[in-house]
Amino acid sequence: MTEQSFTFDGRPVAFRSGQSLGAALTAAGVRSWRTTRADGRPRGLFCGIGVCFDCLLVVDGRPNERACLQPAAAGMQVESQEGTGHGHLEV
Amino acid sequence: MGTSRSDRVHDVVVVGAGPAGLAAAGRAAALGADVALVDGAAVPGGQYWRQPADDALAGSVASLHHGLARYRRLVERVRGIEAAGGWFPRHQVWTVTREEGTFVVLAITGTGAEEREVGIRGRRLVLAPGAYDRQVPFPGWDLPGVMTAGGVQALLKGHAVTAGRRVVVAGTGPFLLPVAAGLAESGATVAGVHEAASPLAWGRHIGAVVRNVAKLGEGAGYVRTLARHRVPVRTRSVVVAAHGEQVLERLTVARLAADGSVLPGSRTTVAADVLAVGWGFTPQLELPMALGCATRVDVDGSLVCTVDDQQRSSVEGVFVAGEACGIGGADLAVVEGEIAGAAAAGTPLTDRRLLRRRLALRRFAAAMHAAHPVPTGWIDRLTEDTVVCRCEEVTVGRLRSALPLGADDARSAKLLARPGMGWCQGRVCGYAVSCVMSAWTGVPPSPVSIAARSVASPLRLGTVAATEDPSSAAES
């Protein structure tokens, strides 16, 4: 089996070809990777099939990607998302 | 980013490559039609036969699938479509328009800088959009670790990942059994299956059940698997609350009385890192509704498309098959797909056996819905700080604050308190908001108002902006 990895908040996470980011994070024991916009509550996978948008995270600098749909790729830089994911734009 | 549109006009465009869409596309192609098959996933199968995007991964989950031989036969039949350039995987359809007597299916493909829109033209459409888990809120359901039963199944079938180490499966309906059995077979500890319905509920529909003996056999197989793994299966049992600091740690489960209320003194606590919960399914009706297809409310309370005995919708040239015509499972979806594919290809089936099979399966589905209702007591168990709309973080208290402002149904509540205004556009909370508002005001729920959405799949504004005007596209 070929083991590859992406980074999640700077640390490596292994995945198998064909797995989504959400699946690989779940397999690595990561449950939550987003905080909500209003109350800052933790969220992770909920519907798992692209319907609910709870599992949003930042992929290679792009916020609001659905972890359940986004295929994992070697070398991807994945980060947890706070609120809208556009916090770096705030002044 | 731009839009690419082929000049090719297919005889039939099939949207959705699950059981219904696969059957429709294969049947239409076998009858000589030039077919396009469009799906959001990389591999055909839909949610029921969800396949990993990689062969090695697919090998490790093959044993979890039911009816895999049939799936392979259906896929074999659409090989010719792929060879003829008609297979569009990883294409997320966001809407359908009309242009000069043809339908144009607009889909987004690629991610990041590679994202673009593709227009696929056809003279006739078969819509097989499928369904997703129906949910009702309860205290703590927004904790990470609480997942839909379908989502837990998707992780397992599509990615070979067990959602947790110690999982509770709950809600209602026959789908809970394969989810629990799959988890148990894959090494997770299933701490319990909590089915809200009474085990006697099917007894009143014995006629519909005996005509579908194979389905009983399938269910019995899952029950044997659960028994082998010593998984406790409780009926008239429900998860009433989820607890944990940052993630799910414990669940409160309770026994239900016949009226859907919790039996006093029956509450117990169960440790779990994942809850897989589902209360039936909600059909995805965005595309048929965008085209103006007539709808009706099915026996389970879901809005579904009205179709005739050839799966024709009320709109000329638009056929609908599978869960969008009423939640009924993969067997019914395949039958409806065969009928729709043949009719869309211009050669309606005269095989009365297939039509009789559809009737028997629909009766079975009606019996299933009657045996597995959503027990009404869930509304009484909501607390003021229970989140109803997960996207906009609208609590029961905030929803209630819309009442004195004049909110009397899900639609007016949406305008005044924002449930359903977020990313998912009310797909997750629409049913619940509609039920809660109806319980509070006495105004009957309106499934149409919560199902109408102009965009079937969210997309970036830049993609829409880059879309050519259909009339200028036709001129160029």
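In chain B, strand β5 (residues 102–109) and strand β6 (residues 116–127) run antiparallel and are joined by seven bridges. Helices (H or I, at least four residues) and strands (E, at least two) are DSSP runs, numbered from the N terminus, and two strands pair if DSSP finds at least two bridges between them. The structure is a predicted model, in which local features need pLDDT of at least 70 and side-chain atom pairs count only at pLDDT 80 or more, while totals for chains, interfaces and linings use all residues. Residues are numbered from 1 along each chain as its sequence is written, and chains are lettered from A and ligands numbered from 1 in the order in which they are written.

**Strands of chain B**

Strands of a sheet pair through backbone hydrogen bonds, either parallel or antiparallel. Within the hairpin of β5(B) and β6(B), six residues lie between the strands, and B:G110 takes a positive phi near 80 degrees. Strand β6(B) also runs parallel to strand β19 (residues 318–320) of chain B, to which three bridges join it.

| Residue | Opposite residue | Strand of the opposite residue |
|---|---|---|
| B:V126 | B:F319 | β19(B) |

**A sheet in chain A**

Chain A has an open sheet of five strands in the order β2-β1-β7-β5-β6, with mixed pairing. Strands β2 (11–15) and β6 (62–66) of chain A are at the edges with a single partner strand each, so one side of each has no neighbour in the sheet. On average, neighbouring strands of this sheet are turned by 40 degrees against each other, direction ignored; axes are lines fitted to C-alpha atoms, for helices over the stretch in contact, and angles run from 0 to 180 degrees between N-to-C directions. Strand β5 (residues 56–59) and strand β7 (residues 77–79) of chain A pair in the antiparallel sense over two bridges.

Chain B is divided into domain 1 (3–132 + 282–349), domain 2 (135–279) and domain 3 (382–451), with bounds from an automatic or database domain assignment. The centres of domain 1 and domain 2 of chain B, taken over C-alpha atoms, are separated by 30 Å.

Helix α10 (residues 330–344) of chain B has 15 residues and reaches 20 Å from its first C-alpha to its last, close to the 21 Å expected at 1.5 Å a residue. That expected span is 1.5 Å times one less than the number of residues. In α10(B), 15 of its 15 residues are buried; a residue is buried if 20 or more other C-beta atoms, placed from the backbone, lie within 10 Å of its own, exposed if 12 or fewer, and partly exposed in between. After α10(B) comes B:G346, whose phi is positive, near 90 degrees.

**A buried cysteine and the chain contact**

B:C391 is found in the loop between β20 (387–389) and β21 (394–395) of chain B. B:C391 counts as buried because it has 23 C-beta neighbours inside 10 Å. Apart from neighbours within four places in sequence, B:C391 is in contact with A:F53, B:G422, B:W423 and B:C424; contact requires C-beta atoms, placed from the backbone, to lie within 7 Å.

The contact of the two chains takes 30 residues from chain A and 31 residues from chain B. On the side of chain A that touches chain B, the largest share, three residues, comes from α1(A).
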